[in-house]
Amino acid sequence: MQSRSIHRTLFPGQAKILQTFGQDLLLAMKRRGYSKKLMCERTGFDPKTLNKVFAGDPGVAIGTYLKVMAVLG
């Protein structure tokens, strides 16, 4: 049996916050008229990574979220 650490558990409330944050980033991108291709060029990330950011994936590094926010201003 594989042991799970309490520190690795993402509770439903936390998951909802992260999903909402990802959606907010996507809406900010759309409001500015940026395409995903432009975001990929400016951040240096591939489209799969940006899709994970906009979905609120907890496996994405915090630095990735920060770089997306920096591009969005």
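Student: So rings of Phe, Tyr and Trp (its six-membered ring) pair if their centres lie within 6.5 Å, and the pair is stacked with planes under 30 degrees apart, edge-to-face over 60 and tilted for the rest. How many aromatic pairs does the rule count here?

Tutor: One aromatic pair. F21 and Y65 form it, with 5.7 Å from centre to centre and 40° between the planes, and that makes it tilted. This is a predicted model, where local features need pLDDT of at least 70, side-chain atom pairs count only at pLDDT 80 or more, and totals for chains, interfaces and linings use all residues. Residues are numbered from 1 along each chain as its sequence is written, and side-chain values use heavy atoms, with hydrogens and water left out.

Student: Where in the chain are F21 and Y65?

Tutor: F21 is in helix α1 and Y65 in helix α4 (residues 62-72), 44 residues apart, and the pair links distant parts of the chain. Helices here are DSSP runs (H or I, at least four residues), numbered from the N terminus.

Student: Is Y65 buried or exposed?

Tutor: Y65 counts as buried because its relative accessibility is 4%. F21, at 29%, counts as partly exposed. Buried means under 20% relative accessible area, exposed over 50% and partly exposed in between, with a 1.4 Å probe and protein chains only.

Student: New topic. At what angle do α1 and α3 cross?

Tutor: Roughly 120°, and the axes of α1 (residues 12-31) and α3 (residues 47-55) come within 6 Å. Axes are lines fitted to C-alpha atoms, for helices over the stretch in contact, and angles run from 0 to 180 degrees between N-to-C directions.

Student: Which residues meet there?

Tutor: Q19, G22, Q23, L25, L26 and M29 from α1 meet V53, F54 and A55 from α3. Contact means heavy atoms within 4.5 Å.

Student: What else does L25 touch, apart from its neighbours within four places in sequence?

Tutor: L25 is in contact with V53, F54, Y65, V68, M69 and L72. L25 is also among the residues that touch the most other members of the largest nonpolar core, which has 15 residues. Such a core is a set of buried Ala, Val, Leu, Ile, Met, Phe, Trp, Tyr and Cys residues joined through side-chain atoms within 4.5 Å.

Student: Which ring does K67 sit over?

Tutor: The ring of F45, with the charged end of K67 5.6 Å from its centre. The rule asks for NZ of Lys or CZ of Arg within 6 Å of the ring centre and within 35 degrees of the ring normal. R42 lies over the face of Y34, at 5.0 Å from the ring centre.

Terms used:
Helices (H or I, at least four residues) and strands (E, at least two) are DSSP runs, numbered from the N terminus.
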